[in-house]
Every structure is written in structure tokens, then in C-alpha cells.
Amino acid sequence: MEITLCRAADVALLDRYIGSMAATSFHARRFQRQERGQSTYLVAWLDERPVGHTELRWGGCDDAAVRAARPGCPEINALTVWPETLRSRGIGSALIRAAEELARERGRTAVGLGVADDNPRAAALYARLGYLPLAAYVGRWSYEDHDGRTHECVEELTFLLKELV
């Protein structure tokens, strides 16, 4: 397995192998944020095929309470390993470690991520990797599906933090 920064040519492969529910590509939006310097979009590859991704958002979590609790903390976001049969093989852990290393290289002393309260498998992974609870918050976002319908999403989350020392 190899982890690389997302390149423009990778977006179409990500859409093909790790599609999104939205009419507009989640991958394209993440790549655009990377191009603007707002994030770093990492892709995991296995046999020249994308099998996972995460976005390290340099501006941190969107939630005001989380930002106040730990100002300047970058957020690991949108961690995915696909297909599901490849989960629990170290791909997600490798993506997280790569994001942590990027944060260290930029002089950041901590990194965080949000985990859904109904996702104990992910919470267990993050705990094994040294992430501790910082703050509960509600994540809200919307997207337009392929049929033109807008979906409003609300999720109970816990922001987890890891000190990078």
C-alpha cells in the first residue's frame, strides 16, 4: 500500500472506486480545498487503485465550541476505507499516521478528529491510536443527490484529540 497526496488525475479514479452520494464529487471539493491550501487530501493506493482517503483540514473543525476548546488544531476528516472488505487491515491507521506526520512537519502540536457517537468501531481505532475525547458537538452538512434532492444531515459527534509529542 502507498499513501500519496491527491492529484487532479486522481479525482476521477476516486469517484469511480469510492463514489459519493452527492451529485457533485466530494473528492473534487476536497481536492479544490487542497489546491487553495486549506487542506491536504491523502489517498491510499493498493494495486494502483484507490482504497482509502482522508482530508487533513488545516483550519480545524467547523464547530465553534471545538475550535474554542483547542484553537488552531487541524482536523482529520472524511476518513474512509473502501470497499469494506479492506477494513481492519491497517489502511485507516496508515492514513491517520500520515496525516499526523504532516501536522508535525507544520509544527502543529495536536491533531483531532470527529467520531460519530454511533460508530464504536471507529472510536475503538482512534482510542488505540491515542486519541482522547475533547468535546461533544453536533455536525451538520447537506448535499444534493443525483436526483436533485437536498439532504440535510445531522450527526452527534465527539471530537477526539491527540497530542503530537
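In which strand is Ser39 found? Ser39 belongs to strand β2, which covers residues 39-46. Helices (H or I, at least four residues) and strands (E, at least two) are DSSP runs, numbered from the N terminus. The model is predicted: local features need pLDDT of at least 70, side-chain atom pairs count only at pLDDT 80 or more, and totals for chains, interfaces and linings use all residues. Residues are numbered from 1 along each chain as its sequence is written, and side-chain values use heavy atoms, with hydrogens and water left out.

Ser39 has a relative accessibility of 4%, so this residue counts as buried. Buried means under 20% relative accessible area, exposed over 50%, and partly exposed in between (1.4 Å probe, protein chains only). The side chain of Ser39 makes a polar contact of 2.8 Å with the side chain of Glu55. A polar contact is a pair of N or O atoms within 3.5 Å; within protein, one must be able to donate a hydrogen and the other to accept it, and residues adjacent in sequence count only if both atoms are side-chain atoms. A polar atom of the Ser39 side chain also lies 3.4 Å from the backbone nitrogen of Gln34. Contact in general means heavy atoms within 4.5 Å. Apart from neighbours within four places in sequence, Ser39 is in contact with Arg30, Arg33, Gln34, Glu55, Leu56, Arg57 and Trp58.

His53 sits in strand β3. Its relative accessibility is 3%, so His53 counts as buried. The His53 side chain reaches the backbone oxygen of Ala78 at 3.0 Å. Not counting residues up to four places away in sequence, His53 touches several residues, including Leu14, His27, Tyr41, Leu79 and Leu95. Ala78 itself is placed in strand β4. Its phi is near 60°, a positive value in a residue other than glycine.

Asp47 also has a positive phi, near 55°, and is not a glycine. Asp47 lies in the loop between β2 and β3 (49-57). With a relative accessible area of 73%, Asp47 is exposed. Another backbone feature is the cis peptide bond that joins Trp82 and Pro83, with omega about 5°. Pro83 is placed in the loop between β4 (75-81) and α4 (91-105). Most residues other than glycine have a negative phi, and most peptide bonds are trans.

Next come the helices. Helix α1 (residues 10-17) packs with helix α2 (residues 26-35) at an angle of about 150°, and their axes are 8 Å apart. Axes are lines fitted to C-alpha atoms, for helices over the stretch in contact, and angles run from 0 to 180 degrees between N-to-C directions. The two helices, α1 and α2, are therefore roughly antiparallel to each other. Angles under 35 degrees count as roughly parallel, over 145 as roughly antiparallel, 65 to 115 as roughly perpendicular and the rest as oblique. From α1, Val11, Leu14 and Asp15 meet His27, Ala28 and Phe31 of α2.

Leu102 lies in helix α4. The C-alpha atoms of Leu102 and Thr40 are separated by 8.6 Å, although the two residues are 62 residues apart along the chain. Leaving aside neighbours within four places in sequence, Leu102 is in contact with Thr40, Leu42, Leu56 and Trp58.
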